[in-house]
Amino acid sequence: MSFWIYTLAAVIKIALMLFVLLTAVAYIVWLERKVVGRIQNRWGPTRVGPFGLLQPAADGIKFILKEDLTPPHVYKPIFIAAPIIAVVFALTSIALIPFGNNVRILGYDIPLQITDVNTGLLIVLGITSMGVYGIALAGWSSNNKYSMLGGLRASAQMISYEISLGLSLIGVLILAGSFSLQDIVKSQGGSYWHVIPHWNIFRGQIVAFFIYLTSAYAETNRIPFDMPEAETELVAGYHTEYSAMKFAMFFMAEYANMVTVACLATLLFLGGWNGPIFGPPLLQTLLPVLWFFLKVFAFIFLYIWVRGTMPRFRYDQLMAFGWKFLLPLSLANLIITAFVVAVRA
Amino acid sequence: MHLALFLAFGAVCVAGAVNLLLQSHPIQSALSLIVVMASLAVEYLLLGAEFVAAVQVIVYAGAIMVLFVFVIMLLNAGEEERSQGSHLALLLGVPSLLLVGVLLAWTVTHHATHSVAVGSLPGDPTTIGHLLFSEYLLPFEITSLLILIAIMGAVVLAANPETDPSGKGN
Amino acid sequence: MVPLSYYLVLSAFLFACGVMGFLMKRNIITIFMSIELMLNGVNLSFVAFAAQWHALSGHIFVFFVMVVAAAEAAVGLAIIISVYRTRDTLNVDRVDLLKL
């Protein structure tokens with residue numbers, strides 16, 4: 001494929017994926033308010049548009065029009081840079097996520113992924129580990145005891161759970177034999193006896209899936225691990241002093257991280273875009289994307305369901321759980337997977 | 001194209017390194033060091049070292065520098081105080097440093113002619129893994145022991161003296 | 001095609017900046033960061049030569065340098081915290097007496 005076709009395809013994909021990601025972030029907020037509302041036996045937003053579907057638009061307009069306060073004693077350059085850092089790293093990791101099989105448009109074979117790097121998984125882990133800076137710097141630059149404590153706690157939590165997150169993925173890597181996300185999905189094609197799909201959950205990585213799930217909740221600072229930013233703790237944690245658009249950027253970064261983590265979970269454990277394919281060629285190119293989105297939706301629904309149901313951990317319980325339980329468990333999973341694969345080969 | 005990328009990210013590296021020296025607040029120096037590390041990761045990619053580039057971002061920029069930023073935040077390190085400077089030293093030192101630097105750079109670049117193509121040595125994780133666990137297994141095990149000792153040492157050193165009257169960490 | 005010497009000049013520049021920072025700066029944490037800058041410059045040299053001689057042992061060595069730098073940063077920062085707790089200053093010029 002020539003350089004210009006590749007660049008044009010990449011630019012179109014970037015614009016499309018950014019649009020889809022930002023709309024998804026807005027509507028995940030809507031979904032969360034509705035689902036948590038129903039769990040708590042109330043309606044959730046219903047007034048703005050049918051079923052409250054225009055609520056995110058109203059929220060967006062509110063955030064833009066609100067007064068953007070910068071308190072006088074903050075450390076200005078980093079106060080303004082911190083939400084930017086958080087959003088940039090949250091949105092960048094979407095570049096490595098494949099959404100479906102290659103599509104043939106006008107005779108060109110275009111992958112549904114902005115870049116396919118053969119160490120794709122490592123780079124996604126690297127980008128999520130850089131996302132800690134947005135939160136740490138936000139907490140420190142606010143020049144406020146509560147924000148600083150919230151920022152320190154959030155960053156300590158994030159770097160602690162990054163380890164078990166990474167280790168739980170190594171089992172998948174051993175089974176797939178490659179870091180490239182497309183290869184990992186392709187190794188999950190097919191099914192056992194035409195009934196049980198060949199997904200990594202059913203290939204022995206069920207424990208790894210639950211370790212990944214728990215570490216992902218801690219990485220994205222969601223209940224039950226959202227002590228650093230809960231309103232009843234530390235005022236509002238690291239985003240106490242932020243208002244209007246800067247606060248909206250932290251919000252966006254958190255939900256974009258949720259989407260990234262959900263996409264990774266479907267690619268690595270739930271078989272990506274593998275699913276029953278039937279029908280005319282147009283349907284055959286669109287069905288994998290549909291299966292992918294359904295699985296991501298299921299994962300995010302699980303996120304929201306857990307949020308509405310569970311209480312939050314205290315900070316020392318949280319850290320003890322990450323270091324003393326999840327880390328040894330993920331190491332054990334790694335050793336057992338490696339042993340089984342070595343014995344079978 | 002390769003040269004343009006190298007020069008662009010090399011300029012970012014140089015700017016970050018100089019900024020680290022010129023800033024007075026340690027947090028600004030830490031952020032410039034993070035910029036240097038990230039642009040170095042891109043330089044590693046240009047040299048074909050994809051595993052090293054990813055590890056640089058994950059370990060160096062994403063964990064070690066987080067540690068530095070933590071400590072700066074914890075100790076509330078303020079702006080640095082200037083010690084006694086000397087104008088004469090600055091006047092003589094900076095030009096002569098630049099002169100020596102330019103001379104060395106010119107000598108090195110004009111007398112060596114080896115060129116390195118992009119990705120000439122694919123440093124993919126599989127090959128590095130094979131090497132690491134076969135030929136370099138002993139250093140690998142020794143460094144894991146080293147990290148264990150470092151963790152224990154750091155925990156003991158940083159333990160709060162009020163809550164540990166025996167003086168020993170947990 | 002980029003000549004190898006360009007990478008070496010960049011690596012030498014980073015190392016020189018690290019040495020300058022180590023000697024010029026007065027804040028302990030900034031001195032530590034200059035050490036990390038020196039290590040990064042050396043890493044670039046290793047990877048450049050590995051690409052030239054087609055020897056992956058350069059990459060392995062960079063891996064070990066990073067590991068050792070991590071261990072050193074952890075212990076060094078713990079020492080800095082202890083020094084701050086006892087001397088109540090981060091200025092290297094003030095930490096010049098053996099007795100408190």
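Chain C contains three helices and one strand, where helices (H or I, at least four residues) and strands (E, at least two) are DSSP runs numbered from the N terminus. Along the sequence, these elements follow the pattern β-α-α-α. The structure is a predicted model, in which local features need pLDDT of at least 70 and side-chain atom pairs count only at pLDDT 80 or more, while totals for chains, interfaces and linings use all residues. Residues are numbered from 1 along each chain as its sequence is written, and chains are lettered from A and ligands numbered from 1 in the order in which they are written.

The C-alpha atoms of chain C fill a box of roughly 55 × 25 × 15 Å along the principal axes. Its radius of gyration is 17 Å, whereas a compact globule of 100 residues would have one near 13 Å; the radius is taken over C-alpha atoms, and the globule rule is 2.2 Å times the number of residues to the power 0.38. Helix α3 of chain C, residues 57-87, has 31 residues and should span 45 Å at 1.5 Å a residue, which agrees with the 44 Å between its end C-alpha atoms. The expected span is 1.5 Å times one less than the number of residues in the helix. Just after this helix, C:D88 takes a positive phi of about 60°. Of the 100 residues of chain C, 50% count as buried, a residue being buried if 20 or more other C-beta atoms lie within 10 Å of its own, exposed if 12 or fewer, and partly exposed in between, with C-beta atoms placed from the backbone.

The next subject is how the chains meet. Two residues are in contact if their C-beta atoms, placed from the backbone, lie within 7 Å. Two pairs of chains touch, and the most contacts are between chains B and C. There, 64 residues of chain B are in contact with 56 residues of chain C. The elements of chain B that give two or more residues to this side include α1 (2-22), α2 (26-46) and α6 (137-158). By class, the side of chain B that touches chain C has 47 nonpolar, 14 polar and three charged residues. Here Ala, Val, Leu, Ile, Met, Phe, Trp, Tyr, Cys and Pro count as nonpolar, Asp, Glu, Lys and Arg as charged, and the others, Gly among them, as polar.

Chain B also meets chain A, with 15 residues of chain B in contact with 17 residues of chain A. Helix α3 of chain B gives the most to this side, with 12 residues. Chains A and C do not touch, and their nearest C-alpha atoms are 14 Å apart.

One residue of chain B illustrates the contact with chain C. B:A77 is found in the loop between α3 and α4 (87-111) of chain B. This residue is buried because 20 other C-beta atoms lie within 10 Å. Beyond its neighbours within four places in sequence, B:A77 is in contact with B:P26, B:I72, C:N27, C:I29 and C:L90.

The largest nonpolar core has 159 residues, of which A:A86, A:A265, B:A30, B:M37, B:M65, C:I29 and C:V47 touch the most other members. Helix α3 (residues 50-74) of chain B gives the most to this core, with 17 residues. Such a core is a set of buried Ala, Val, Leu, Ile, Met, Phe, Trp, Tyr and Cys residues joined through C-beta atoms within 7 Å.
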